[in-house]
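This briefing is for a reader who is new to the structure. Please look over the sequence and the model before reading the points on the ligand and the pockets.

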Amino acid sequence: MTQPLGATARHLVRDDADQVAATAADLILEACDDECSVGLATGSSPLGAYDEIVRRVRAGTAPRRVARRGYLLDEYLGLPVGDRNSYASVIRREVADALGLEVRGPDGQAADPDAEAERYGREVAEARVAVQVLGIGRNGHLGFNEPGSALDSRTRVVRLTETTRRDNARFFDSLAEVPTHAITQGLGTIMQARRLVLIALGERKADAVRAALHGPVDPACPASVLQRHPDSYLVTDRAAAGEPGADR
Ligand code: F6R
């Protein structure tokens with residue numbers, strides 16, 4: 001474990017993806033009780049932790065109900081209700097249904113997306129999220145808070161960068177189908193969760209992890225905001241920690 005001077009984010013480095021998943025599951029479960037709300041990220045990084053929590057619940061080594069509600073970190077705008085790529089559908093499929101969590105998120109088809117973003121931000125604040133699970137973009141993004149996002153930004157409508165659209169195009173039939181806008185929890189909203197658990201795997205995340213942990217707390221790396229949170233963790237494998245020779 002390395003803890004950079006002056007930063008509160010703790011960096012837990014594990015040998016492989018299974019150990020990362022186990023450690024992240026420990027941190028998430030420790031923060032939860034059967035009535036709490038958890039913040040859930042989509043993407044590949046948290047999947048191992050989600051699977052591990054489901055496995056423990058089924059094995060009887062975690063409480064049968066780990067939380068009551070799951071709050072989406074972000075949601076695309078404009079996808080039809082029930083679209084398999086909407087983040088509500090993804091989170092239900094990958095974790096919430098197995099854990100019996102009620103899924104709450106912004107309405108991606110709201111007639112007034114700005115008002116919906118504001119409403120959702122208020123709902124998340126009132127939910128007092130016990131633990132927010134996060135991934136990190138190669139450019140340090142958190143949710144859809146791309147570099148340049150204010151560290152105290154609110155939940156809002158954002159235009160997706162072309163890099164992010166291209167990264168996400170693998171889930172769609174074509175790039176043209178990837179939505180251009182989304183509602184994301186703002187960095188200020190994310191920071192209200194009592195605990196933050198960010199999971200990163202693989203060498204391609206190493207620069208972002210380094211900037212988040214050791215760089216200045218600056219909108220250029222949105223994930224650097226974790227340094228200001230009193231109970232935040234980055235759980236990574238050796239490759240994402242930038243250890244030479246790892247993950248090759
Ligand atoms: C997910 C999200 C994104 C991802 C990030 C990392 O809801 O908002 O910020 O967490 O892009 O994605 P993966 O884990 O697929 O590398």
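The model is predicted. Its ligand sits in the largest pocket, which has a volume of about 630 Å³. The second largest pocket holds about 270 Å³ of space.

**Residues around the ligand**

- There are 14 residues around the ligand, and those that come nearest are T42, S45, D74, H141 and K205.
- Sorted by class, this shell consists of seven polar, four charged and three nonpolar residues.

**Polar contacts and cover**

- T42 places a polar side-chain atom 2.8 Å from an oxygen atom of the ligand.
- At S44 the backbone is involved: a polar backbone atom of S44 is 2.8 Å from an oxygen atom of the ligand.
- G143 also has a backbone N or O atom that lies 2.8 Å from an oxygen atom of the ligand.
- On its own the ligand has 410 Å² of accessible area, and the protein covers 91% of it.

**The largest pocket**

- The volume of the largest pocket is about 630 Å³.
- Its lining is made up of 32 residues, of which T42, G43, S44, Y87 and N168 are the closest to the centre of the pocket.
- With four residues, α3 gives the most to the lining of the largest pocket.
- The lining residues divide by class into nine charged, 11 polar and 12 nonpolar.

**The second largest pocket**

- About 270 Å³ of space lies in the second largest pocket.
- Among the 18 residues that line the second largest pocket, E75, S86, A88, P106 and G108 are the closest to its centre.
- The elements that give two or more residues to the lining of the second largest pocket are β4, α3 and β5 (102-104).
- Here too α3 gives the most, with three residues.
- By class, the lining of the second largest pocket has four charged, six polar and eight nonpolar residues.

- α3 gives four residues to the lining of the largest pocket and three to that of the second largest pocket.

Note on methods:
Residues numbered from 1 in each chain as written. Predicted model: local features only at pLDDT ≥ 70, side-chain atom pairs only at ≥ 80, totals over all residues. Heavy atoms only, no water. Near = heavy atom within 4 Å. Polar contact = N/O pair within 3.5 Å; in protein donor to acceptor, adjacent residues only side chain to side chain. Areas by Shrake-Rupley, 256 points an atom, 1.4 Å probe, with all protein chains shown as cover. 1 Å grid on protein atoms, 1.4 Å probe; cavity = no way out; pocket = protein on both sides within 12 Å on 5 of 7 lines; lining within 4 Å. Sits in = over half its atoms within 2 Å of the grid points. Nonpolar A, V, L, I, M, F, W, Y, C, P; charged D, E, K, R; others polar. Points joined across faces, edges and corners; volume = space filled by probe spheres on them.
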